[in-house]
Amino acid sequence: MKKLLIFLIALGLCGKTAVAEDNLNPEDIGIILSVALDSSKILNDPQFLQSKINISIKVNLVEKSIIQDRIRFFKTKGIKRISYYLERGKKYIPVIKEVFDRYKIPDELIFLPIIESHFNIKAKSPAGAAGLWQFMPQTARMYGLTINKWIDERYDVEKSTTAAALYLRDLYGIFDDWTLALASYNTGEGVIIRKINKYGGLNFWDIDEYLSRETRNYVPNFLASVAVIREILEKEHFDYSHSEFEIVRVRRPVSLRYIASLIGVPVSYLKQMNPHLKKGVTPPYEGEYNIYVPNGYKETIEAALEKSPMERYPAFIEYTVKRGDSLSKIAKKFGTTVSYLKKINDLENTVIVAGSVLKVPSFIEAYPDYYDGVVDLSEDIIYTPRGIIYKVKKGDTLGKIARKFRVSISAIKRWNNIKGYIYPNQRIIIYKRIKYRNIGKSTVVKRNISYLKRKVKKRKPTFKYIFYRVKKGDSLLKISKKFRVSVKEIKKWNKLNSNIIRVGQRLTIIKRVNDG
């Protein structure tokens, strides 16, 4: 028990307040939800969850007993923590439910952010996943979210939830099983497909032992969290239809500063409500963008915007240098000077190369009080259906660019017909399999679900694979007796030429499912 206590204190669960806990620690939330599992009355009802979600719930009582000491020690602490995360999420739940109802996603999955992000909309993991649903940039763009220097829609509640609904629907379409869909959401569908095909399995419980510890705990922890959360909300008679905010949809550039002036609220308050707007303005590109405002202000804002005049703001756009161009010709064309072009493009001399991209002065139209300074419409990286277009910066080399995009130098040279050096402001195409963009109208990639579904070879497991770490004092004979197999079999399964094994070595033990 003393060792257990030290372990729990090391996890940071002892003596801390819930408010401080925003770090995304899978071990932390795993213990908390184990507490919830033990304390929930609803969990004992076998029909719970099955009423609205088409999965077969099997609670592994053996695993539950392993953490029993921790459950007893932190029973009240865990409930307080979950209650805190839930309290933070209540303002988002009505929006999530509305979106999930639209896409026919089971109600239980509304609460997935309690594990993913602790319902912290600003959450960001060390790996780069962000928002309530913890999307990585590539997956986010694949499901229609825009990420650029102006906006990151992973932090937009409605749009990110729509992306999550589409992603979950695709995962269910691949596996026909919500437990496998949930596991895939955590670790990726490719991992789950490979595990099923290698070891056999019809659902998550057949393959959980072959997954990482985080994914192995992810599904049961989520099911446990749903049990306790639903119990809390039912006691409170929570209103799933009442939202704390409204969404104003705008198609022309506008600043939160201007919106705040229209309704008389602090701009800092609107910035807290709209973390997806990186610069406090909607992007100066074509598209429809969300602005979240307090309840009761939507109609006022829409009416005011309809009557507001549009104003001109200085901007930089991009110009592709053509053969025969010179800085003086380009300066004359855009009504500026050579020295200004050199300054804004960080050029040391007047030499320019055909095919390179230069910033040139222009303007945009936006609502009043939109932006201080020049609106820079140039992008260093553009995602297109063809691939990634990258603008070379001063100091870049082919090696640096190749490492950045995980491609080879020879491939970059071939794709761009590069025979010599690269130069600043040059555009380089990276032909990766990209089907999304970061400027203009975002689109959702239509994934080949039927192809992925065919790759899943579900079958009832015939064998159980046990991965055993050799401990001090172990021998092949001792291990063979422990698992009721022969030394010869262990040597064959692990390609051992002798009986020598070392502490920490991983051995594979294969048993028939009905061997016990």
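Axes are lines fitted to C-alpha atoms, for helices over the stretch in contact, and angles run from 0 to 180 degrees between N-to-C directions. In this predicted model, the axes of α19 and helix α20 (residues 409–416) come within 9 Å. They cross at roughly 100°. Angles of 65 to 115 degrees count as roughly perpendicular, and α19 is therefore roughly perpendicular to α20. The contacts bring L398, G399, I401 and A402 of α19 against I409, I412 and K413 of α20.

Strands β6 and β7 run antiparallel and are joined by three bridges. I381 has Y390 in β7 as its bridge partner.

A second open sheet also has three strands, ordered β4-β3-β5, with mixed pairing. Here β4 and β5 (375–376) stand at the edges. Each of them has a single partner strand, so one side of each is left without a neighbour in the sheet. Strands β3 and β4 run antiparallel, with ten bridges between them. Within this part of the sheet, E311 stands opposite A366 in β4.

Charged pairs are considered next. The structure holds 21 salt bridges. One of them joins the side chains of E318 and R427, with an N to O distance of 2.4 Å. This pair links distant parts of the chain. E318 belongs to strand β3 (residues 311–320) and R427 to strand β8 (residues 427–430), 109 residues apart. E318 is partly exposed, with a relative accessible area of 28%. R427 is buried, at 16%. Both residues also belong to a network of salt bridges that links E318, D380, K391, K393 and R427.

Another salt bridge connects K394 with E348. Their closest N and O atoms are 3.6 Å apart. K394 counts as partly exposed at 48% relative accessibility, whereas E348 is exposed at 68%.

The salt bridge of D152 and R154 has a buried setting. Their side chains meet at 2.8 Å, N to O. D152 has 4% relative accessibility and, because buried means under 20%, counts as buried. R154 is buried as well, at 4% relative accessibility.

H118 is placed in the loop between α7 (113–116) and α8 (137–142). Its relative accessibility is 1%, and H118 counts as buried. The side chains of H118 and Y85 are joined by a polar contact of 3.4 Å.

Definitions and conventions:
Residues are numbered from 1 along each chain as its sequence is written. This is a predicted model: local features need pLDDT of at least 70, side-chain atom pairs count only at pLDDT 80 or more; totals for chains, interfaces and linings use all residues. Side-chain values use heavy atoms; hydrogens and water are left out. A salt bridge is a side-chain nitrogen of Lys or Arg within 4 Å of a carboxyl oxygen of Asp or Glu. Buried means under 20% relative accessible area, exposed over 50%, partly exposed in between (1.4 Å probe, protein chains only). Helices (H or I, at least four residues) and strands (E, at least two) are DSSP runs, numbered from the N terminus. A polar contact is a pair of N or O atoms within 3.5 Å; within protein, one must be able to donate a hydrogen and the other to accept it, and residues adjacent in sequence count only if both atoms are side-chain atoms. Two strands pair if DSSP finds at least two bridges between them. Angles under 35 degrees count as roughly parallel, over 145 as roughly antiparallel, 65 to 115 as roughly perpendicular and the rest as oblique. Contact means heavy atoms within 4.5 Å.
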